[in-house]
Structure formats: structure tokens, C-alpha cells
Amino acid sequence: MAFREYKIGCWMFGISLSASMFVTIFLPGLDISSVSSTELALEKQLTYGRESAFSYEDPFLQGKGKPIKVVLTKDPMNGSAMDETNAYVFEAGTPFPAGLNHTNILGEDVKALSESKGRIAEADENGTVFLVKIDDASDTPYIENATATRGWTPAKVLSASDHTIMAGSGKTMFVREGCWWCHTLLPEQTQDWQSFGRPPMLGDFNGESPTTFGSDRKAPDLLHVGARNSSREWMMLHFFNPRLVQVHSIMPRYDYLWGDKDAQGNVIDLEAWDVGYQKYVSGETPYPPEVPDYADNTEIRYLIDFVLNLK
Amino acid sequence: MFKYLMAKESDIPQGTAAIFFGISSIAWFIIGTGIGSFNAAKLAFPDWYHGLYWLQFGHMRQVHVHAVIFGWIAMAFAASMMYITPALGNTKLWSEKLGVWNCLLYNIGLALALALLWAGITSGREYSDHVWPIDLYIAFVMVIPWSLNVWMTIINRRTQGIYTSNWFFAASMFMLIIVFLIGNLPEFFHLTGLNEAYMTWWFAHNVLGLLITPVAAAITYYIVPKITGNPLYSHRVGHLHFWSIVVFYSTPAAHHLMSSPLPEWLKSFASVEGVLILVPAIAYVCNILLTMQGKWSMFVNNVEIKFTITGVLLAIPLNMQGGFQQTRAINWYIHGTGWIVAHAHLALLGFSTFAEAAAVYYGLQVLLRRKLYSISLANFHFWTLLIGFSLYWTSMTIAGLIQGAAKIYEVPYVDVVIAEHPYMIVRWLGGTMVFLGNIVWLWNMYMTALHGDVVPAGRQPAEMAYVR
């Protein structure tokens, strides 16, 4: 380099870049990591599982290796009636979310309670059922390992369930299909309260990956969409062809997520459906063709479960 | 290209790597803007292409972004660096063979990366969408060999000092590697939550501010003095530009998340630093425009200067927007609207694309020793680019202001979609013009390589008259 000033310049460059990264990475990292998980963060982690994008268990983003959210109204052990309870079933092989694997995600109090009252240290990946509880004395949320505390095994909980919500697999669909290029999941703090609901708080994201905030809102925010519109029928029509329920919508059709066959086992012919739809658009027929019912465990079921679960 | 892969270094003509990078960049520009035009059509007429499920908007949107950033912009940068760095050091490129291999593996890697995004295999993080095996490929196979060539050429230079362009080239490649590897840490180490969201935007901000903006500027620092014959107006103002980029442009990442629940001190800090971006911006624009003193006729009659100076002039609204739109006073209105989309295109399709296009036009003529085949086609390309971009920017800015108004008055969203429809059509027309102009450009460069007038040894293409 020869010149003295280049040596000085290299030092200045290194110092300024390091200082910049100290202020913009290290300090915010400390600050953000010191925040405890909120109840919402615990629910999201247990609903979505370890990662909703590319991962070892699901490299092609098909929604594999995700927990199942279950709504219970009777006790899985004896069948007696109980208050509606959400349980999160991790069948054998489903990887645990970040909060159960990493030291820093839950926060000190939440972690202490989850270990003392919730017995999460006894959870293993051979099949575990979790609950989210609030400690009455300290008003702190924690995770309960119901397999250890109540003997609820995945098989018992699944057979006792009223319905299962595949929102974990559904979030993978949300990421893969690029829903977040248009729909944000981040009501803004300065407005948005009335139409899109409460903006999220600092601890609401602990353990969630990716957060899919979205940056370019070309469509309504969806963070609380399930609280505004809880109709599965509407969602089904809207995903199959958004113009069926909202003529001005610019959303793409997601009819291909129905797969090959509908709930009755009939082959779905999208081209024939579109021919019928074009007749409806041009006014030749008064009604559009019927939207097929989706079969269980199709990708559209996952996605609708995810959207309706956004409360 | 293939015959040089196994050739001896001494048998490879100088400039080979730069030529391959330059031609590849134009090809990727056509692909990237073609996909962009197609995506825009989807937003205007969602059912128009119904049935082409393999071109779903949610899959193609990020393919457009990465095709233009990694394909067009970055490869045009590589092409520029691989002829400008040796020229400024009065030497040869450190290794043409490495450059040729780099170009081949770059094209293969980019095609693979885009194919995976196309299939929906993504990390789910904007701008760092690639999955981690691809991230590692990009860093170690695409970027580090390229950087090595730039750094080693500068170290082996036969001039005493280092010219402004080369500070930027060397430093930007270094910062790109750091930013790329740190910005993708969330994926390597499974960081989650707000840490991940913040790092995503830390990466997105810095890859723009520490690679694309300074390298585009560095290219104009070379092209303008070289073609006009004027010396750079001020070396010292260049220093101010360089150091204020390093200090101010590397810090405001959090201003991309102003309405998220990040710590308030971080947002305020980022916002103040964001306004300070005006320091390098003003230093740079003044320096280049003052270099043009006495040579302004070339803005009209020299196509490379026309492209370059248009880019520099577009940097003025770009930085005025960029400096102020991220303050809380303005950001609450336009955050997440089409205004931001317009701003992003002002940076990448406005300022930086015009600078790079000039560098590729000029570089290919110098390296091929051929005068540009047709000035008419080049002018046609210039105007399709400028008019297409202007239509795009204007329509998206208006759409963004409509969205902003609707956002603060909490208008039902479908009314926004209805109100935006005409602007979505104009956006698509603008994007399509850019795409068609680029096809003409590739044809023009192909004809230049085959039939352009030979530039005699010791002469510059700019000294020769245009024939067609």
C-alpha cells in the first residue's frame, strides 16, 4: 500500500465500521433480547413450531414437521366436560420451537415458571402436548408440559379434540405462496387501530421465525383477520377465486392449493371450472360454478386454518 | 467464454471477464424487467393470465427483485470493476481466468437461486430471501472471488495513489461481504422474533447503502472525467462523500421498521442518521455536476454522459426522498405504500441503472474496440428507460399517496384497490417500456460486437463520430 495515509485510512475505516455495527447490531440485540415472551408469543411459538420457512424438517415448504393446535371441551383423560382449552400437540419427531430450545427466548420469569410449574424440562420429542397458562399470583404467562403434569399424550388429546387447527403448516403456506408480499402482519402504531386492530408489542415475536411483517401493503393487514371475519365458507370462496366475493379484488386465485381431488373424492378440473366462471362473468349464467369442498390435509386447509387462527 | 476456462492466464485477452459480465448483466436485465412487467400486469389485471400457475405473483415477485439486483445491478458492477480498476491502476486485471470462472459460476448460481425462489423455497425474509446454502454460495463462490480480483488489482497497481472510484470499489466489496454474512446470521444461527426482523432490514438497508449506491457513484466518478476529459472537480469532496457513506449510511437500518415495536431509542437514532445521508448525497452530486463544467453539450450529444448525468440528476430527488421520508413526521403517512415502491425504483431503476448502463455501454465499446453500432437505437433505449421509469415512478408515487390517505382515514381497503387501478395500469406500461428498451439494447450491443466500426489503437470510442 506504500502510503502512510492508506494505513491510517484502513484503521479509520475499520474503527468506523465496527463502531457503526456496535451501535446498530450489538446494542439493539441486547435490548431486544432482554424482553420476555408475552402470552401471545408463547401461543405463536407453540402454534407455528420451530421455523415456518426453509428448514431441515421441511426443505420444500410443504408444511411438514409442524405442531397441531387442538381445541378441547372435554378432558382427554376421563371425557368429563371442561372449559374450552387450546392444546398444542407435538407428535413424535416434530421439532420444538425456539423458546424450548434456546435460553434467551422465554425471558427469566417465564422460563422459571415454565420449568417449576410447567415442567418443560421433562418434554421430549417423542410426543408432547403443551398448554399456555397464566400464573395467577404474578400474572406471568408460562408453558405447561401437559404430558408430564396431566398425562395428556398426543394420541389421547387428538382423539378427544373438537377440532384441530393446522395453523403451523398454514404459516408455511403463507410464506411459500408469498401472501406477505401484499398482506402485512403489522398494524402500524400511528393508525390502523380501528380497521386492523391492536399493533403488536415488543415481546410478541419472541421465538417466531420468520415474522413476515411484510413491507408493501397492497391488501388489508391480516394480523387480526380471524377476529374480523371468522367464516370458513367465505375464506374458501375467497381463496378459490377472490372475485367471487369481492369483484374488485386483485388477489391471485389459490384454487391450485385444493390439490387433485375434493372432499367427496371427485377430480377437480380447474379449466372446466374457469370455463363456467367465464360464462358467469359474461352474464350467460346467473351463478358461478360451485366451489369444491377441500379434502382434509390439503394445502388450502392449512392456509385457511392459519388465517382464521389470526385473532 | 468456455474456451477460456481451461486456457492459460497469458492466453486470455484483457477485458474478457468484463465483457462476459457485461453481456450477462444485459441479459439478466431483460429477464428481470420482463418478469417485473409481467408481475405488474398481474396487479392491474389479476385474471388476465389465468391458468399459468407456474407464474403466480407470490412466487415471481422476489424472482424479479433478485434478478435485477443480483443479475443486472451486481453483474454490471462486476463488469465495470473488472475494466475500471485495472485502467485506474495502469495495470491488468489480477486474474482474467478467475474472472471468467467467476462469471460462469455467478450465472449458474444465480439461475439456481432464482429457480429455488420461484419454487417457493425461501427463508421468508425480504431481500435476504435466499436459503442458507445459496447464501453461502453467493458469498464464497460469487462475491469473494470477484472481490479478490478487485483488491489484488488495486494492490498490484502501477500508479502511486488510488483514485476515488477504486476506494469505493475496494471498500464496498469488503462491506458487502461483511453485511452479507452478518445479515444472514439469523438463518445460519436460527435467530428469531424481532432480532430476526431487525437483522433482515439491517441487511436490506446496508446492502443498498454500502454496495449499490456507492458503487454506482464510483462508476460515475470514472465515466464523467474519462469521457469529458475534465478532471474530477474535487478529490477532497470525494473524501467527504466516502467517509460520510461509511459513517452515516451504515447506521439508519431501523428506519425501515418505524411502525414496528422496536426500541424507541433505536428508531430515533436511525431517523437522525437517516437525515445525515444528505451529507454524502450532496457532496457526491455537487462533485459530479461541477466536473461537467464547460462540457454540458456532451449531456446532449454523448450517449454515455447522457445516461450518467441523468442518473446523477435522479440522485437528487432520490436522496431528498430518502433523507426525509424516513422521519417520523413523514413516515407514518407513506410507510408500506406504493410511495416506497416508487422510491426503491428511483434508487435502482433511476439513479443506479442509468449509471451502470453508461458503464456497460462505454466498457463494451472500449473492451471490444468497437464503436457503438447505432446511436439512434441507444437514444431509443435511453428514452424508453427514462419515460418508462418516469411513468412508473409517477404512478406509484400517486398510488402511494392515495394509500397513505386511505390508511390514516381508515378507508375500507377495497376502495384503495379500486382507486389504484389506473395507476397499476400505468405502472405496467412503464415497466413494459423499460423491458422492450432493454431488448433493443442487447441487439445494439450484439451488432456493436459484430459490426461496430473498429476503434484504432490509442483512440477512445468517444473521440469517434457516430455513423448510424
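A residue counts as buried here if 20 or more other C-beta atoms lie within 10 Å of its own. Take A:A123 as the example: 21 other C-beta atoms fall within 10 Å, so A:A123 is buried. Please keep in mind that this is a predicted model.

Let me stay with A:A123 for a moment. It sits in the loop between α4 (108–116) and β3 of chain A. Setting aside neighbours within four places in sequence, A:A123 is in contact with A:L100, A:T128 and A:N145. A:K218 is 95 residues away from A:A123 along the chain, and the two C-alpha atoms are separated by 42 Å.

Now the strands of chain A. I will take them in order of number.

Strand β1, residues 68–74 of chain A, runs antiparallel to strand β2, residues 81–90, and six bridges join them. One of the paired positions is A:V71, whose bridge partner in β2(A) is A:N86. These two strands make a hairpin with six residues between them, and A:G79 there has a positive phi near 80°.

β2(A) also runs antiparallel to β3(A), this time with three bridges. Here A:V89 has A:V129 of β3(A) as its bridge partner.

Next along is β4. Strand β3, residues 128–135 of chain A, pairs with β4(A) in the antiparallel sense over six bridges. A:I134 is opposite A:P141 of β4(A). Again the two strands form a hairpin, with four residues between them, and A:D139 in the turn has a positive phi of about 55°. Is β4(A) mostly covered or mostly uncovered? Strand β4, residues 140–145 of chain A, is mostly covered, with five of its six residues buried.

On to backbone geometry. As background, most residues other than glycine have a negative phi, and most peptide bonds are trans. The loop between α8 (193–196) and α9 (225–228) of chain A holds A:P210. The peptide bond from A:S209 to A:P210 is cis, with omega near -15°. The loop between α8 and α9 of chain A also holds A:T212. A:T212 is not a glycine, yet its phi is positive, about 40°. A:T212 has 24 C-beta neighbours inside 10 Å, so it counts as buried.

B:H190, in the loop between α7 (185–188) and α8 of chain B, is not a glycine either and has a positive phi of about 55°. With 15 C-beta neighbours inside 10 Å, B:H190 counts as partly exposed.

One helix of chain A before we move over. Helix α11, residues 270–281 of chain A, has twelve residues and reaches 16 Å from its first C-alpha to its last, close to the 16 Å expected at 1.5 Å a residue. After α11(A) comes A:G283, with a positive phi near 90°.

Now chain B as a whole. How many helices and strands does chain B have? There are 17 helices and zero strands. Its radius of gyration is 22 Å, close to the 23 Å that the globule rule gives for 468 residues, so chain B is as compact as a globular protein of that length. The C-alpha trace of chain B spans about 65 × 50 × 45 Å along its principal axes. Of its 468 residues, 59% count as buried. Among contacts in chain B between residues at least 6 apart in sequence, 84% join residues at least 24 apart.

The helix to look at in chain B is α8. α8(B) has 36 residues and reaches 52 Å from first C-alpha to last, close to the 52 Å expected at 1.5 Å a residue. There is a bend of about 25° in α8(B) at B:L208. Why do I call α8(B) largely enclosed by the rest of the structure? Because 32 of its 36 residues are buried. B:G229 follows α8(B) and has a positive phi, near 85°.

Last, the contact between the chains. Chain B gives 53 residues to it and chain A gives 60 residues. On the chain B side, the elements that give two or more residues include α2 (16–44), α3 (57–88), α8 (193–228) and α17 (413–451). Which element gives the largest share of that side? α8(B) does, with seven residues. By type, the chain B side divides into 26 nonpolar, 19 polar and eight charged residues.

Key: Residues are numbered from 1 along each chain as its sequence is written. Chains are lettered from A and ligands numbered from 1 in the order in which they are written. This is a predicted model: local features need pLDDT of at least 70, side-chain atom pairs count only at pLDDT 80 or more; totals for chains, interfaces and linings use all residues. Two residues are in contact if their C-beta atoms, placed from the backbone, lie within 7 Å. Ala, Val, Leu, Ile, Met, Phe, Trp, Tyr, Cys and Pro count as nonpolar, Asp, Glu, Lys and Arg as charged, and the others, Gly among them, as polar. The radius of gyration is taken over C-alpha atoms; the globule rule is 2.2 Å times the number of residues to the power 0.38. A residue is buried if 20 or more other C-beta atoms lie within 10 Å of its own, exposed if 12 or fewer, and partly exposed in between; C-beta atoms are placed from the backbone. Two strands pair if DSSP finds at least two bridges between them. The expected span of a helix is 1.5 Å times one less than its number of residues. The bend at a residue is the angle between axes fitted to the seven residues ending there and the seven starting there.
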